[in-house]
Amino acid sequence: MNLSSILLFVISKMNGQRTLNAGLHLLRGKKSGQTLTDVEYFNVKPFFAILPKLEETTYTKAIDKLLDSGLIIQDEKFIKLTEEGSKSIKDLPDFHFRGWDYRGREMIFFGRIALLVQTLSYVRKGEFSFNPIQKDRDIQIFVKRFLERQPITDPGFAKQIGDELKKAVLKSGMNDIQKYIFVCRLTGKTETAKTWDQLSSELEMGTDALRLQYIESLHRLLPIVEDSDEFSFLNKIAFGIKVHSYLTDSAMHTKRLFDQGHSMASIASIRKLKMSTIEDHIIEMAMNDKRFPVTHFVSEELIHAVVSKSLELGTKRLKLLKDEFETLSYFELRLILTAYKEVE
């Protein structure tokens, strides 16, 4: 697994319907109306925000690799698979990302675990003063509060934490490389976490590929420990990591006004926002609420017609659908395609 293989899969989902940078915005977790819509249109939620700090140069190199390999081509401004690329999709590994649920917060989870492991390692040796591996103040405060009522000097407590962690890692389905990376990124009294360069040299893998393995390992581990009585301590460590409200803060504000019965024009006026921004918020709401009243905006008859035409043409490109339904606005078309995922 590497960035190019992930991009090949993403491009296969958006095949010929999105431009070069759509994948970049997806992996970074850009909260624009277009990217949030793409996430739903093309069923690529697992990859949303898995690389929040992805540099454009790194992304471009991965795209160039696919272009040079003849797996993708750029047709006008759109990117699509070649015949060879379509065949290569079958050879891709199964991906186990859950970017839509965690959006980079898995790093906070690991930071808490790393500091907890380091703390217990030092306490076990009778040392209560050390330089914390985690400099993030919020993580330090969280771990400190977690340990306040725990018998940290009792070897049994440290063993219980270790046992939970081992069991959860085994149940997560991590591959051997992921397990090794996970363990090697931990620091103890006598062991220092290996750097990405050290791991790269040892495993003969690029650092970008290693980081993706690491992120996926956390995405496999978190669901195992969340809401589980089997991992009472790790469950507490995972508190607040999973995103529970998938709406942006601004969209949530719009939702409150919409639920109160305000029209879109009224909401735009109250919030002093452009209508296009309110439209984006409505799309977000429809994405995350299966009961959203789409018929408040467009009739059942038109919904059925757009869904049928999209299936017939094999596209979700708004311009092509707009040519077929001139009376519908782009917003109405986006809303239909977002709310009715049977459009494939």
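1. Two helices, α1 (3–13) and α2 (22–28), each give at least two residues to the lining of the largest cavity in this predicted model. Helices are DSSP runs of H or I, at least four residues long, numbered from the N terminus. A cavity is a set of points, on a 1 Å grid over the protein atoms alone, where a 1.4 Å probe fits but cannot get out; lining residues have an atom within 4 Å of a point.

2. The largest cavity holds about 80 Å³ of space, volume being the space filled by probe spheres set on the points. Its lining consists of L7, V10, I11, M14, R18, T19, L20, A22, G23, Y59 and I79. The largest share, 3 residues, is from α1. Across the whole structure the search gives 2 cavities of 30 Å³ or more.

3. Helix α10 (residues 176–184) packs on helix α12 (residues 207–225) at about 90 degrees, the axes (lines fitted to C-alpha atoms over the stretch in contact) being 9 Å apart. The two are therefore roughly perpendicular, a label for angles of 65 to 115 degrees. Contact, meaning heavy atoms within 4.5 Å, involves Q178, I181 and F182 of α10, and residues of α12 including L210, Y214 and L221.

4. Y214 of α12 also forms a ring pair with F110. The centres are 5.3 Å apart and the planes at 85 degrees, so the pair is edge-to-face; rings pair if their centres lie within 6.5 Å, and planes over 60 degrees apart count as edge-to-face. F110 belongs to α7 (residues 106–124), so the pair links parts 104 residues apart in sequence.

5. On conventions: numbering starts from 1 along each chain as its sequence is written. Local features need pLDDT of at least 70, side-chain atom pairs count only at pLDDT 80 or more, totals for chains, interfaces and linings use all residues, and side-chain values use heavy atoms, without hydrogens and water.

Terms used: Axes fitted to C-alpha atoms, helices over the stretch in contact; angles between N-to-C directions. Parallel < 35°, antiparallel > 145°, perpendicular 65-115°, else oblique. 1 Å grid on protein atoms, 1.4 Å probe; cavity = no way out; pocket = protein on both sides within 12 Å on 5 of 7 lines; lining within 4 Å. Phe/Tyr/Trp six-rings, centres within 6.5 Å; stacked < 30°, edge-to-face > 60°.
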